[in-house]
Amino acid sequence: MKFMKIGTKPDTFYTERATRSVVSDVPSDLLIQINNISYVLHKFPLLPKCGLLQQLCCDSGDLEKMNIELHDIPGGEEAFELCAKFCYGIKINLSAYNFLPAYCAAKFLGMTESVDKGNFVLKLEAFLNSCILEGWKDSIVTLQTTVKLPDWSENLGIIRKCIDSIVEKILTPPPQVTWSYTYTRPGYNKKHHHSVPKDWWTEDISDLDIDLFRCIVTAVRSTYMLPPQLIGEALHVYACRWLPDTTNIRPPPDQKSDYNHDETLMEKNRRIVDTIASMIPGDKGSVSVGFLLRLLVIANYLGGVSPVTKTELLRRSSLQLEEATVNDLLFPSHSPTDPEFYDIDLVLALLQSFLVIRRRQSPAATAEKSHHFFRTIRKVGKIIDSYLQVVARDANMPVSKVATLAEALPDIAREDHDDIYKAINIYLKEHSDLSKADKKRLCRILDCQKLSPEVRAHAVKNERLPLRIVVQVLFFEQERGSNSKAAATSHRLPGQLEQLASSGKQTSTTSRGEDHAAKLRLGGDDEKLSRGEGTRRTNNAVSETTNATGKRDIYEQRKRSQAKSAVEFTERRAVNRGEMQVEEVNMGREIRELGILSAGSKLDASKMIHKGSRSSDNGRDKAKDR
């Protein structure tokens, strides 16, 4: 911070009751009244430097003691006293804190070069251009003082000069920043960080009034030289600086008395929320979803915030809902009529807005966008289920609100139902006096088929669940076990049949030579014996098949289809094997039609085909011998 000292004489002003005087041997001849303070001074040091006083004295005539009222002087009595001390040659210290009132008062009194050379206005302008506007914090402090004198500051161009100086320094590349700045982020230590952070300017400008802050941010954005994330960070820092923390605030029973405690502060905070919300860059990710949600909660807490602001904050928050954490959603309810601690209604509105926006985008989305939508909604489903696990511990949380939020998620949002089961179990545990109807309402969202084995095992033993849910879990558990066994059996059938076909080929080649030699020895008797034996085996096969058919289970059709595919595969491989292979295939078809390959059959299909093959070979060879 820079200072300027003017004058050499000691301060001889003193106060006596409501009167300010200066120690002097010369009697006073000028009385100036400003508000409730009277200044007893002298004409000879003031009139030569103040054009306004010269004019007023001339209009009043040649009186021994003049009485002048200056109630409308900018800066009040403090600013006037600085000008009076300058006229007396008394030492004064000027800084960014008192420059503006002194400058406006000097302009008001007409202390310009046309009245006297080296007058006060000239010295103040030199201090402004050489010291204040060249400094970073000096410009910010001077700009902040313009809040008390907005019209004078605007007319004299002080606001525009300070804003231009601040914006110019903000746009300076960080490596070229040589002036002092405030940066108090947690974990940041200037001694350990030699480089200047990109957001070095955000904390200092957060001290400004919201209108001045808006002017600076708007001017910076108009240059398009800084990324939206930096603008968003500046908005976040300003909100943290001025807005209340509503994380643990609950409205008292007498809400009106509390809200009317400081209506001026409440109105100021409403303006801040409206202004910041209007300045958020449109780029997604310029601010975090946590910041958007905090603004939304504060807007609901303050009341009176523009409905347009609330709607926009809700829409922007829902666009980034997949980036939220559970802690971002855990804000307290500020409605005195709601008994629950957490504002679950706001989370429901947020989720509904998210789903509406996504449904509008998804029909025209490309395959890539559809995949992104699928991943996004899965993330949101995880967040909502985790949130439900936390709010389920609230003893005052109504079951209807928990169920409504759980049911608001579409089916594709949940890959499994483990998380929602945990939330339901926690709620049932914390609300042991829940009625059967409420339990049924809460548990109807649960899909037992989407539970993991560990959760199903827990659900079977969970006495808090309705009996209907436990029965469903047991049914699906048993069905899943049966499916596993059936799948294992069906996977083995194609390999067994393929092995059967190859072994049948080798056996038929070997048995043909042996049967030919037997035919030479046994003749027609052997043929009859072979035919009889084949008939008996076929009858046995039919009998066994009939028994096996009675033992078929509900999965017979699927296994028969898989066995059919395997047999057809064997048929294709046996096309060129001649007459013997054709008979083998025919035998295989007969076995299949009789149901030998059903799930409950105890007959070995490979043995039947092998036996049928040997019988047909014997009969064929004997016929050739005849």
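**Exercise 1.** Leaving aside its neighbours within four places in sequence, which residues is D394 in contact with? Keep in mind that this is a predicted model.

*Solution.* Start by finding the spot: D394 sits in the loop that runs between α18 (367–391) and α19 (399–408). Next, skip the neighbours within four places in sequence, and the contacts that remain are E340, F341, Y342 and H431.

**Exercise 2.** Decide: is D394 buried or exposed? Then find what a polar atom of its side chain lies 3.1 Å from.

*Solution.* First, the relative accessible area of D394 is 9%. The cut-off for buried is under 20%, so D394 counts as buried. Second, look at the side chain: one of its polar atoms is 3.1 Å from the backbone nitrogen of N396.

**Exercise 3.** Describe how helix α6 and helix α8 pack.

*Solution.* Begin with the geometry. α6 (residues 136–145) and α8 (residues 158–170) pack at about 145 degrees, and their axes are 9 Å apart. The handedness comes next: this crossing is left-handed. Now list who meets whom: α6 brings W136, S139, I140, T142 and L143, while α8 brings I158, I159, C162, I163, S165, I166, K169 and I170. Finally, sort the residues of that contact, and you get nine nonpolar, three polar and one charged.

**Exercise 4.** Where is the pLDDT below 50?

*Solution.* Take the overall picture to begin with: the mean pLDDT is 79, with 72% of residues at 70 or more. Residues 500–556 are one stretch below 50, with 69 contacts in the model beyond near neighbours in sequence. Residues 559–626 also stay under 50, and there the model has 105 contacts beyond four places in sequence.

Notes. Residues numbered from 1 in each chain as written. Predicted model: local features only at pLDDT ≥ 70, side-chain atom pairs only at ≥ 80, totals over all residues. Heavy atoms only, no water. Axes fitted to C-alpha atoms, helices over the stretch in contact; angles between N-to-C directions. Helix = DSSP H or I, 4+ residues; strand = E, 2+ residues; numbered from the N terminus. Left-handed = near helix turned anticlockwise from the far one by under 90°. Contact = heavy atoms within 4.5 Å. Nonpolar A, V, L, I, M, F, W, Y, C, P; charged D, E, K, R; others polar. pLDDT = per-residue confidence, 0-100. Buried < 20%, exposed > 50% of the residue type's maximum accessible area, 1.4 Å probe, protein only. Polar contact = N/O pair within 3.5 Å; in protein donor to acceptor, adjacent residues only side chain to side chain.
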